[in-house]
Amino acid sequence: MTATKTTLGVLAAGAALTLTATACGSGDTAASEDGLTPVSVGVLPITAVAPLYLGVEQGFFSERGLDVTIETGGGGATTVPRVVSGELDFAFGNLASLIIAREQGLPLTVVANGMTTTGDADTDYSALVVPADSDVTDPADLDGATVAIDNLNNIGDTSVRNSVRVAGGDPTDLDFIELAFPDMPGALDNGQVDAAWVVEPFLTVALQQGATQIAGNFVDLHPELSIATYFTSDELIAQDPDTVDAFTEAMNESLAYAEDNPEETTQILTAYTEIDPDLFDQLRWPRFPARIDTEAVQTLAELMAADGIIDADPDLETLIR
């Protein structure tokens, strides 16, 4: 199936999880009673945002004068308009969504890394998998297959097409359907789809149910790919650059702490997810470097342009602060 350009869709938003004071939007930077500046951060309740929760717990943000409220809900397609409107100050979203948003003229800028592939298909937190009884052993065998992804015309289908292309198959002969990640193990098990792009913790669940990994789609795309980042509005950067700088510094320290303390990173999952603790030891984790590899981002953008998702490569100097 050939991709077509789309606008960012709207996913279902979840409930807010408040760690400290009530959130503010970009237009309200008044200090709280303890002298801290309230900031709100929109995230998905997934393993990859563990560094943010750790950083709040460790005081990295309050040390820099920030009073953080974390709101859990949808991904980039939901948080992008909320950041643009000032309802959220910062948010976590995949880079493909931000590249699309910038092409559509939305004033958004990346201010910190979120997560990076491990560079090793056998350990990465994301994989392309097939059912236990499948005859498919390689992405090139997926010609004409139905493949589940979480969002059409985004990082999922772009990376899966690339894995098929790298393996020598036809990336245009794929039928992508949207499924929520939690539904993918069941869809594989009951034969609803021929393959699925799955991330943790649902990757571990799928593998336990007998699914077979045939590719590390993010590793195939680039071994240094930053899959998701934290971003804000250009308006907040212009109006309150000190707050943005403080958030970036605190987030970078949080990423480093998560890398250096894997046990604490795992245990913080109990604070904001419903992942079965019995799965903790089996989960695959991404890496959490502060640096964003611009060559990898450029590769992603070029693939999106080749697939027709965007018209032209983005200006990385304005996309990433």
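Tutor: The protein has 13 helices and eleven strands, where helices (H or I, at least four residues) and strands (E, at least two) are DSSP runs numbered from the N terminus. This is a predicted model, in which local features need pLDDT of at least 70 and side-chain atom pairs count only at pLDDT 80 or more, while totals for chains, interfaces and linings use all residues. Residues are numbered from 1 along each chain as its sequence is written, and side-chain values use heavy atoms, with hydrogens and water left out.

Student: Why is Asp-293 called buried?

Tutor: Buried means under 20% relative accessible area, exposed over 50%, and partly exposed in between (1.4 Å probe, protein chains only). Asp-293 has a relative accessible area of 9%, and is therefore buried. Asp-293 lies in the loop between helix 11 (269-272) and helix 12 (294-306).

Student: What makes Val-205 partly exposed?

Tutor: Its relative accessible area is 24%, so Val-205 is classed as partly exposed. Val-205 belongs to helix 6 (residues 202-208).

Student: How do you know that the side chain of Asp-293 makes a polar contact with the backbone nitrogen of Glu-295?

Tutor: A polar contact is a pair of N or O atoms within 3.5 Å; within protein, one must be able to donate a hydrogen and the other to accept it, and residues adjacent in sequence count only if both atoms are side-chain atoms. The side chain of Asp-293 reaches that nitrogen at 3.0 Å. At the start of helix 3, a side-chain oxygen of Asn-94 comes to within 2.8 Å of the backbone nitrogen of Ala-96.

Student: What makes helix 3 mostly covered?

Tutor: Seven of the nine residues in helix 3 (residues 95-103) are buried; among them are Leu-95, Leu-98 and Ile-100. Just after this helix, Gly-105 takes a positive phi of about 90 degrees.

Student: Which residues are in contact with Ala-148, leaving aside neighbours within four places in sequence?

Tutor: Contact means heavy atoms within 4.5 Å. By that criterion the partners of Ala-148, beyond four places in sequence, include Ile-177, Leu-179, Met-184 and Trp-197. The C-alpha atoms of Ala-148 and Ile-177 are 5.1 Å apart, although 29 residues separate the two along the chain. Ala-148 is found in strand 7, and with a relative accessible area of 0% it is therefore buried.

Student: Why are strand 7 and strand 8 said to pair?

Tutor: Two strands pair if DSSP finds at least two bridges between them. Four bridges join strand 7 (residues 146-149) to strand 8 (residues 175-178), and the two run parallel. The chain passes from strand 7 through helix 4 (residues 155-166) to strand 8 in a right-handed β-α-β crossover. A crossover is right-handed if, with the strands pointing away from the viewer, the path from the first strand over the helix to the second runs clockwise.

Student: What makes a set of residues a nonpolar core?

Tutor: It is a set of buried Ala, Val, Leu, Ile, Met, Phe, Trp, Tyr and Cys residues joined through side-chain atoms within 4.5 Å. The largest such core has 102 residues, and those with the most contacts inside it are Val-43, Phe-61, Leu-142, Tyr-230 and Phe-247. Helix 9 (residues 241-260) gives the most to this core, with eight residues. Beyond four places in sequence, the contacts of Phe-61 include Phe-247, Ala-250 and Met-251.
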